[in-house]
Amino acid sequence: MTIQFTGQPLEIGPPRRRAVLALLVMRARTVVSIPTILEGLWGTDLPGHAVTTLQSYVSRLRKLIVHHPLADGSKLTLQYRSHGYVLDIAPENIDAVRFEQLVTKGLEAERRGDWSHAFALLSSSLREWTAPPFEDLSEYDFARQEARRLSQLRLSAVEGRADAALRLGRSGEILHDLEAEAVHNPARERLVGLLMQAQYRDGCQADALQLFDRTRRHLSVELGVDVGPELRRTHEEILRHAPSLAPVEVPAPAAPAKAAEPVASTPTLGRLPFIGRQKELEILWAAADRACNGRGGVVSLLGEAGSGKTTLLREFRRHCAEREIDVLTVNCPRADALPAHWPWKQVLRAAAERWPQTINALPAEVRAALVAMLPGWQQASEHTRSAPHPVGDFPVQEAVAQTLLALGGRPLVLVVEDLHWADVASLRLLLFLASQLADSRLLLVATSRTFRANADPDMRALLAAIRELPVSDEIILGGLDAEESRELARAMGQHLTDAPADALHRRTVGNPYFLIAMLKHITPDASAAAVGSLLPEALEEVALERMALLPGLVNDVLRACTVLGDDCTEPVLSEVLGDGDDCPDAAIQQAIRGGLLTPVFGGPRLAFVHPLLRDTVRRNLSRGELGKLHWRAVPALLHGAQLFDVRDSVGAHVRAALRSVPPEQVLRPLLDEAEQAVKFGLYAVGSEWLDLLADIFRSPDGDQWYAQAELNVQLQRLDLLNILQETVPASRDTVRARVEQLGYQLGSLQAGAVLPSRLIGQLTRGGLPDAEATASLLLGLAQEENDPYLEFVAHYGRGRVRYARGELTDARAAMDDALAVAGHRAADSGAVTPCWLYLCARLSKTLIQWLQGRADEAWQDMAEIRHAQCYSGAGPVAPSLVHTCQAVLQVFEDDPQKAERQAIAAAEPTRRKGTYRWQWLIDAVLLWAKARQGSARPVDFAAARSSLARAELRGTRLITLGLALVSDAERVAGRPREAHAYLRRLRRLVAQTGEVVYLNALPAHLLPWRALPHAA
């Protein structure tokens, strides 16, 4: 909250006095009641003498403003009127009012479709916004509310201006402003949509699509909502390249013919044209003017190499020469063996040569200290006895400061360039001198590169201390903006079209040195793509030289970042670099503070500030270094992440690492992840890892190592797919075909793995004749190869076929044969399928026994299964199948309460582990049990119907028991029509598969099934 009187700010006083003025300004020319002011200042907790205190604030405000006219000559008046106070001030003298009026007019012009007028008005309104309003009064509710209102109005102005610019074909003028606003307002969908359109028109379609994805994730995570229809429509239009998004062609006015002009000479890299630094130059001019008037100070000039510090100082020296201001310049060279205070010694030598009389007039003790500091320097003071050597730190500082201040009898500018190379003693001396300049005519200008200024602790401490001084300025040179980059190109004789010019600006980030170096290699017909990938050899060498000056660990951070690409975040970087003795976190922060890396849109991802530096780093990585970094990226990405989130990235890094790192070393982390997932019963997750590995292993024909490795992975995939229902049958068929192909390629036929998988698939799909034929093939193969496991699978398959057909005696005999062959060997197998089949054989036998009227034997076997833990090798989800089987037995026993308990117990592991192979049967049992107890709800019927439908969709056809239970539940619920629908569906399925067991052998309480004619 400030008041400007004829260009000078007025010191208003403490916060509450400023708050009173703010309340009156917000309601200018309106009476603000005393209670309103009191509530604004103290809320409901008023002090004892609140009114008296308010009167003192008003009195002091009156005294402050009464003698000061505003810029237009008018005066402020503050009067008491009708139990309140009123401030008489014209609205045009309040910047917030001017801003609001311009925004209102601009938005009205936008609504009318007057785009040019809207763009001009809204641009003017945003120029009125010099700082967030009432920032110094944030502790007051009224100020916070008004600040929020004005900030929202400003965002509307930004959006309206962007909309007008897009309609006028001026998207390049708003792109960077919108990007900055989107960082701070990621949930403002109109702003994001306009930025996406601007990026699309700017040739950055990928950026626009990534922005949409980030916005959608942000809205989902932070607010729990999806993007709105307007933003979704913009996204869809970008995807299909809608004509409405095409850049608007605005015809340029015809230029009058000009006479031929002499061609300007092209600037060299050593002498850049002065473009785009007028504001910074004015800061230096103002500092020089203050020094001329006896108010010396210090200016810190920071910028990366090539940002134009030298060019700015050259222009400043020209100004100083016109004003007859002396300029003394010294440079801090980069050398390890230089003595302490080296740049100040050069200053003193130059001063002695230029102003010997002033030096000789110094006090004797000062001259003695100088002679001791500069051995052999006697020409300026031949009769001075030197002080004892060496001189302490403070006497040196005092002597140098007195010397330079003595030179300040005339206006003097002292420029110390490349301060980042100075020794610590020189930095301390500079700070000491800077603290003495307030009443002098000496201006100290110190330049430094951004990285050292931000990354070096001594430099950071120095700059922080300088900022605290009464008279100090800091100039940070960023890149030129897009228009200034074009102007520089024109000064170089290059008249680029919009797309190459924008690509050049993005490539160089507006760094003047990089711009000119690039322009020397750009042809007039160069495309944006060619410009965007150009890396001249000279610039590469410059970048490498500058990298050599960085700390080693910072260079390691840059190498890792260029390899990680879009996967580069601080945690991942730390994991990639974290095995050494040094902690990489400090180096990462150095790279960020030093302007080498930057967070993307304020998020966790890091990217290079300079694309040229990124490409230089990558180009100079050896094949071995690339492979090693890609390999280290794999476990770093997997650390604490879900495969779904990093699958594509992991796959890309693994493939890149395999070009130079031994495959066993690269692939071990992925194999470990797959094995861990299977170990904990997360079969679907394990299958995803194996899918990724199989995709990575696919290699050109003839590579035996990769073929064998892929075969091993495909066999593990097949092992898991045998028990997973989540994949469609075609997936299992594809894997089996690939196993056969690889086995043929390696000369090791895989019938022992393929035939059991084929048998399981045929049983799942209800192909009983095919399953019976495959079981016969397996039996023959088992006898031929003397393989007990294949014999076990053959008997099991034959038993399952007999059971489905209702041939219970033969089915039990086949299961006994299978169990006799297997014993407990299957449960001890390392593979999942044998363990599962062994458990399924035992459970199938219990069902057969019950249906044969041997319920006691069935329950006895079930008890043995539970207590013997024979299914431990089948994984943590195996209890689900045991509970499901017990639930079915309880259905047969007509005990809905126990059936419900067992079904609930069966559902828990499947939900926790994400394996839903028997969900259709679990849901059917739950529905039947609840219906029998009279507690079935519509949601239970819906769950059962949905589970059965999903099972059929995924190829499971032997689901007649589930259909029977759902039909019975519908009948019990009094819905005969739905019950008959399920009967008809069951009849069709029985006709297709031949699974008649649940028509012929069901218990008496399911008697309605006996009325059905045999369909098979």
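Analyst: Strand E7 (residues 326–331) and strand E8 run parallel and are joined by six bridges, where two strands count as paired if DSSP finds at least two bridges between them. Helices (H or I, at least four residues) and strands (E, at least two) are DSSP runs numbered from the N terminus. This is a predicted model, in which local features need pLDDT of at least 70 and side-chain atom pairs count only at pLDDT 80 or more, while totals for chains, interfaces and linings use all residues. Residues are numbered from 1 along each chain as its sequence is written, and side-chain values use heavy atoms, with hydrogens and water left out.

User: Which residue of E8 is the bridge partner of Leu 328, and which strand do five bridges join to E8?

Analyst: Strands of a sheet pair through backbone hydrogen bonds, either parallel or antiparallel. Here Leu 328 has Leu 414 of E8 as its bridge partner; E8 also runs parallel to strand E9 (residues 442–448), with five bridges joining the two, and Val 413 is partnered by Leu 443 in E9.

User: How many residues of E8 are buried, and how are they placed on its faces?

Analyst: In a regular strand the side chains alternate between the two faces of the sheet. For E8 (residues 412–417), six of its six residues are buried, that is, under 20% relative accessible area with a 1.4 Å probe and protein chains only (exposed is over 50%, partly exposed in between). Leu 412, Leu 414 and Val 416 lie on one side, and Val 413, Val 415 and Glu 417 on the other.

User: What is the strand order in the open sheet of three strands, and which helix packs on that sheet?

Analyst: The order is E3-E5-E4, with antiparallel pairing, and the edge strands, each pairing on one side only, are E3 (32–33) and E4 (77–80). Four bridges link E4 to E5 (residues 84–88) in the antiparallel sense, and Val 86 in E5 is the bridge partner of Gln 79. Helix H1 (residues 15–26) packs on this sheet, touching E3, E4 and E5, and its direction makes about 70° with that of E5; contact means heavy atoms within 4.5 Å, and the angle, on a scale from 0 to 180 degrees, is between N-to-C directions of axes fitted to C-alpha atoms, for helices over the stretch in contact.

User: What is the volume of the largest cavity, and which helices supply its lining?

Analyst: On a 1 Å grid over the protein atoms alone, a cavity is a set of points where a 1.4 Å probe fits but cannot get out, whereas a pocket is an open set with protein on both sides within 12 Å along at least five of seven lines; lining residues have an atom within 4 Å of a point. Grid points are joined across faces, edges and corners, and a volume is the space filled by probe spheres set on the points. The largest cavity has about 740 Å³, and the helices that each supply at least two lining residues include H35 (751–764), H37 (788–804) and H39 (832–851), with H39 giving the largest share, six residues. Of its 30 lining residues, Tyr 796, Arg 800, Cys 840, Leu 881 and Trp 918 lie nearest the centre.

User: What is the volume of the second largest pocket, and which helix gives the largest share of its lining?

Analyst: The second largest pocket holds about 1,300 Å³, and helix H9 gives the largest share of its lining, seven residues.
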